[in-house]
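Here are a few friendly notes to read alongside the structure. Please have it open as you go through the points.

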Amino acid sequence: MAADSKSSKQKHDRKQKRKKQSNPHKYSVISNYIYATKLYHDGVGKKYHLHDLLAILFGVASPFIAMAFPSFAVAQLQSDRAHETIFIFIIGYVLILKGLSVATAYIGNVQVMDYFLGRITTASPMRRHILEMNFEALERKEGQEKVRAADECVFHGNEHGIEAFLSAFPKVVLNVLGFLLYSLIVIKISPWLFVFMFVTAIVFSALSLIQGNYWNKMYKSMHVLYMRRKKSFHETMTVDARGDIILYQMKDWLCEKLNAVAKAYADVYRKYFRLETSTNLIILLINALRDGAVYFILIRQMTLGQIGISELLLMVGVVAGYSAWMQQLFVAVQQIAANAYTVSQYRDFLAYGNEPENSITQLSLEKGQHEIKLENVSFRYDGAEQDVLTDINLTIRPGEKVALVGANGAGKTTLVKLISGLYAPTRGRITIDGIDMTQISREQYYKAFSVVFQDLKIYAATVAQNVSCSLEPDREKVVESLKKAGLWEKIASLSSGIDADMTHHLSENGVLLSGGETQKLMLARALYQDAPILILDEPTAALDPIAESEMYETYSTFSLDKTSLFISHRLSSTRFCDRVCFMKSGQLTEIGTHEDLISLSGDYAQMFNIQAQYYKEEFESNREVSAYEPLAVL
Amino acid sequence: MNRWQSFKNTHKAGFRLLKVVKQIDRDLIPLNLIDAVLTTALPYVALVFTAQVIDRLLTTDYNRAGYYAGIMIATLLIIGGLDAIILYKTKQSQRGLQNNLEILIRKKGMELEYDVISDSEALKALRNAEEAAKFNGGLGHLVTTYKDLLKYLLSAVTAVVFSVIFCLSVPNTSTGILAIMANPIVTGITLITAWLLGLQMSKHQSIKIKAIDDAIAEKHYIVENQIGYWIGEVLYDTESGKTIRVNGMQELIDKNMDKFIKEAMPLYESMGISSGKRILSEGLESGLFSIVTYLFVLVKVVTGAISIGALTQYAGAFLQFHQASSKLVWSESEVNRLTKNLLPLADYLERVNKRYTGTLPIEKRTDNIYEIEFHDVSFRYPGSDKDTLHHVNAKITLKNKLAVVGRNGAGKTTFIKLLVRLYDPTEGYITLNGIDIRKYNYEEYLSLFGVVFQDFYLFSASIAENIAVRKDYDAEKVTACLEKAGVLSFVSTLDKGIETVIENGTEDAIDLSGGQGQKISIARALYKDAPFVILDEPTAALDPLSEAEIYERFDEMVADKTSVYISHRMSSCRFCQDILVFENGTIKERGAHELLLKNESVYAALWNAQAQYYA
């Protein structure tokens with residue numbers, strides 16, 4: 001009981017902490033406006049405010065002048081002015097009208113560029129943050145969700161996110177001004193009509209509000225569908241799946257899956273289209289009723305001699321354009337409301353998962369040998385029920401080579417992530433030469449490590465950049481590393497050598513490497529960095545026995561003066577390590593030299609013997625194998 | 001002639017593509033036709049009736065004015081309502097079109113030869129087709145552009161009718177410069193001249209701007225692709241986050257993205273400048289045209305040839321005409337561009353598979369007596385200058401357990417791919433029970449093999465569906481196969497058991513570890529219950545215990561069947577009676593383990609490289 005309440009309290013505390021760290025709801029619309037404006041101001045320059053201003057000016061004037069034209073023209077033609085004067089007035093009016101509409105379109109075009117440029121600018125801090133933030137925070141579900149939300153703010157086109165948010169503000173001003181102007185005209189001619197118009201405008205706006213809300217809701221709900229669709233499409237043509245699809249004749253099954261997603265999409269859209277169509281029909285009907293009423297009232301007023309034809313025409317124009325102002329105003333307000341949250345999410349993401357400020361920023365981990373000490377280290381994923389690693393105690397002495405072995409899922413890879421600084425321990429501490437790792441800045445800390453992970457990443461950059469991991473590689477060192485890694489022959493045969501582009505992502509003729517060659521490139525990367533601590537996670541899985549043996553030897557020489565940690569399913573790799581650590585269910589159960597552990601006859605010895613038996617001369621049948629009791633496999 | 005030819009070609013291609021549309025959705029084209037007619041009619045209805053209303057009001061015939069206003073409102077309501085309903089249908093069809101087209105492409109893609117993936121011409125064709133289908137709105141955009149073309153054509157024709165009526169109107173007075181201008185012939189000639197001049201201008205401009213736009217669009221595509229890669233494939237790839245941090249690659253990644261965005265900026269700017277120029281030049285041209293038309297409309301009004309109310313009607317019609325004719329030119333060139341872009345799509349969909357498929361059925365044998373033999377088989381990848389497999393002769397004997405070993409690149413996997421007919425030999429042939437395998441029906445031949453590839457793939461569906469590769473699976477059989485593959489104990493711990501969904505982005509889906517995935521793909525091979533079982537590196541991702549477990553179960557799994565086992569773990573050779581040793585594309589040695597060890601050749605070297613550590 002006591003333990004339970006303690007752990008739930010812990011959970012509660014953690015939740016509290018997270019809440020404090022990040023809460024996208026804490027940003028107000030005004031604060032988002034100021035924030036976004038500043039971003040755009042810095043990215044686009046002062047001119048963008050001027051463009052907004054001009055857009056408002058033209059945006060009000062242009063439709064007004066156009067609307068008033070028939071009234072103006074008829075008034076002129078009815079007047080007893082000379083023909084020349086009438087001609088000049090009307091043609092002049094047409095010129096102003098044209099000029100304004102061109103100016104409106106032109107400034108609109110300039111604004112598109114402004115807002116686009118601004119949006120691109122906002123991508124930059126986000127990119128940097130993804131690259132530099134705490135890895136564990138990035139990796140966890142919450143972090144992934146935040147990345148997605150920030151992405152939505154920046155990269156989902158100009159009708160979504162920060163661009164839609166910010167560009168709605170001048171629209172609000174524009175439509176308020178237009179609405180006021182038209183209202184004044186209506187009130188002047190018929191206050192009665194004004195009340196009527198105002199009501200229909202409200203109804204229209206409410207309808208478009210409903211429609212817009214539905215769209216936003218739908219847009220959000222479609223995310224899951226989108227992911228499903230993306231995955232389903234991806235797998236039909238992915239290289240890895242190709243053989244399986246043909247041999248198992250999966251075409252029909254996979255198409256059925258695609259059709260199911262397509263149908264789900266169609267259903268969602270049909271609902272929306274239905275709403276949209278009924279809204280449009282209602283608006284059409286109200287419009288017709290309104291126009292009928294307006295004509296009736298105006299013609300009556302004319303019969304009574306209260307207004308002339310040019311007033312009537314002006315009113316007809318005002319009525320036709322009236323509700324548009326309010327509708328657009330609502331759309332703009334809604335645009336702000338719908339997108340303010342994405343800006344909040346963007347800001348929230350930038351505030352989330354920052355690496356802590358460290359007191360020690362300079363640590364001479366660059367050269368020499370180092371001691372790594374784990375003291376009661378436990379690790380638990382955020383929100384998980386139980387520890388992945390429990391109370392690990394281990395000291396890796398300067399220059400020592402340690403092999404880490406154990407069944408799949410025993411926690412080896414998590415331990416590597418902890419030691420290499422990607423994760424911080426949930427409890428306990430890790431020290432390097434006696435200094436707590438959390439006190440060392442990440443940048444400095446990572447510099448001490450060369451790590452080859454299981455997932456081998458090669459990027460669409462040059463060979464030299466992929467080896468050096470930097471923009472300006474030391475070319476001699478690149479060549480030297482490639483030579484040592486046994487990949488030089490292959491690279492030298494390329495026409496552009498180490499400047500050749502890699503992968504087919506961006507270059508049709510990019511270099512593609514086989515599994516074994518990729519491993520060698522990773523080795524070259526490690527050689528280039530020549531960091532004092534070396535960690536290898538399953539470096540030989542894809543290699544044939546001879547290449548594997550060679551790889552062991554290369555690493556063995558290379559790691560002579562280094563502190564190193566090897567993880568491999570090939571227990572043979574333990575033979576050139578000073579000590580072996582055996583992991584089981586998140587705990588270090590056996591530590592010692594290979595010989596020690598064999599004579600201990602524990603889990604390690606059992607595992608080693610299972611593998612070794614096949615290589616023994618006396619191996620006859622697999623009956624012996626059947627005798628083994630499965631451990632905690634998987 | 002040349003222009004006529006290109007016009008003909010464009011629309012020939014256009015209609016070819018519209019046929020694809022018709023094939024996917026019969027209703028879409030008729031719906032668009034109706035929409036075009038209705039939307040063309042709307043502005044003219046308003047113009048004509050407004051003119052009538054104004055004229056009646058000017059003559060103080062208020063009843064008549066009200067009557068016309070009423071008819072106008074009712075007509076607009078009916079047309080608008082009809083169009084709203086048509087649009088409701090059209091939008092759904094349009095969305096369906098895009099979805100179904102993408103599915104059609106993928107379906108076709110799955111039917112293509114296996115080796116399209118090795119970057120051959122067929123894969124390029126697929127990629128081009130997909131890009132064509134997605135970029136620029138795809139096939140749906142072609143339909144709308146054709147609709148626009150029709151709409152503008154209709155609108156222009158209607159406007160011409162109005163113009164003719166306008167020109168023919170005769171002034172009340174016959175003296176003075178105004179009367180001359182209002183003369184039908186003078187009006188007609190001047191308006192036609194103005195229109196032709198304007199057309200020439202806009203055409204010239206539109207061709208120039210179009211050329212710039214097209215050049216930009218092409219570059220734009222490349223740039224988007226580059227930025228898309230760095231953001232989508234690198235920045236958002238969480239696994240990359242480890243490599244980036246530990247190797248300090250932030251600078252490299254960030255600067256690369258910066259570089260591409262900086263390269264892209266002038267492009268986006270030039271897109272903006274180009275459309276800005278278009279706005280200005282179109283504005284200028286339409287301004288000039290407006291002045292001329294308004295001048296003549298005014299002349300006709302003041303000379304009494306037409307009424308005051310008709311001023312807005314004719315001015316409006318001219319405006320419609322101007323818009324329609326300039327947009328007509330634009331839509332025509334847009335159709336031209338779209339058909340060019342979409343042509344790879346049509347080509348791709350009409351593509352014929354290169355793989356020869358025979359008609360012979362496979363004899364179904366309950367005793368699984370099948371025998372496969374390689375006769376002097378060589379294989380060379382397209383574009384390569386040397387054989388991957390070189391004159392290979394081998395007989396795969398019945399119910400044998402065959403191991404295939406060799407160094408990386410020795411030809412093991414190619415051998416398997418030839419065996420299961422993912423590739424056809426460049427030279428030589430392969431027989432099944434004495435008959436060339438190409439003479440058998442392809443799908444039936446494939447049904448002989450249960451294969452677990454090194455890079456096996458599991459799909460976003462339930463575990464059971466993944467094993468049975470269909471929606472209606474036999475649950476008992478699925479369970480039995482999971483048991484045999486040694487993963488049932490794991491699957492039973494899951495809440496939904498065999499119905500658990502594998503990674504598809506939804507909340508309750510699970511991610512499998514490499515070892516679990518590998519075992520499930522073994523279960524898939526077992527479910528197929530084919531006479532040949534082929535395992536390509538099935539234990540690469542497994543720890544020693546799971547590996548031993550697979551070895552142990554191997555006998556049971558392949559009982560009664562012929563099996564081929566490829567592995568770098570030499571230990572696997574211990575339970576195969578027959579070992580094929582590949583080197584440089586040929587079979588160097590063949591025999592049992594002891595014999596090969598005694599040979600002290602390739603096999604012995606491979607064996608010892610691993611065995612030394614266990615000595």
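This is a predicted model: local features need pLDDT of at least 70, side-chain atom pairs count only at pLDDT 80 or more; totals for chains, interfaces and linings use all residues.

1. Next, the domains of chain A. There are domain 1 (17-351), domain 2 (372-458 + 528-626) and domain 3 (459-512). Do look at how domain 2 is written in two segments, 372-458 and 528-626. Between the C-alpha centres of domain 2 and domain 3 of chain A the distance is 29 Å.

2. Chain B is split into domain 1 (2-169 + 306-349) and domain 2 (463-529). Their C-alpha centres are 50 Å apart.

3. One helix pair in chain B is worth a visit. Helix H1 (residues 2-24) and helix H5 (residues 138-168) of chain B have axes that come within 10 Å and cross at roughly 115 degrees, and the crossing of H1(B) and H5(B) is left-handed. Which residues make the contact? From H1(B) they are Gly14(B), Leu17(B), Val20(B) and Val21(B), and H5(B) contributes Leu139(B), Leu142(B), Val143(B) and Tyr146(B). Sorted by class, the residues in this contact of H1(B) with H5(B) are 7 nonpolar and 1 polar, with no charged ones.

Definitions and conventions:
Residues are numbered from 1 along each chain as its sequence is written. Chains are lettered from A and ligands numbered from 1 in the order in which they are written. Domain bounds come from an automatic or database domain assignment. Axes are lines fitted to C-alpha atoms, for helices over the stretch in contact, and angles run from 0 to 180 degrees between N-to-C directions. Helices (H or I, at least four residues) and strands (E, at least two) are DSSP runs, numbered from the N terminus. A crossing is left-handed if the near helix is turned anticlockwise from the far one by less than a right angle, and right-handed if clockwise. Two residues are in contact if their C-beta atoms, placed from the backbone, lie within 7 Å. Ala, Val, Leu, Ile, Met, Phe, Trp, Tyr, Cys and Pro count as nonpolar, Asp, Glu, Lys and Arg as charged, and the others, Gly among them, as polar.
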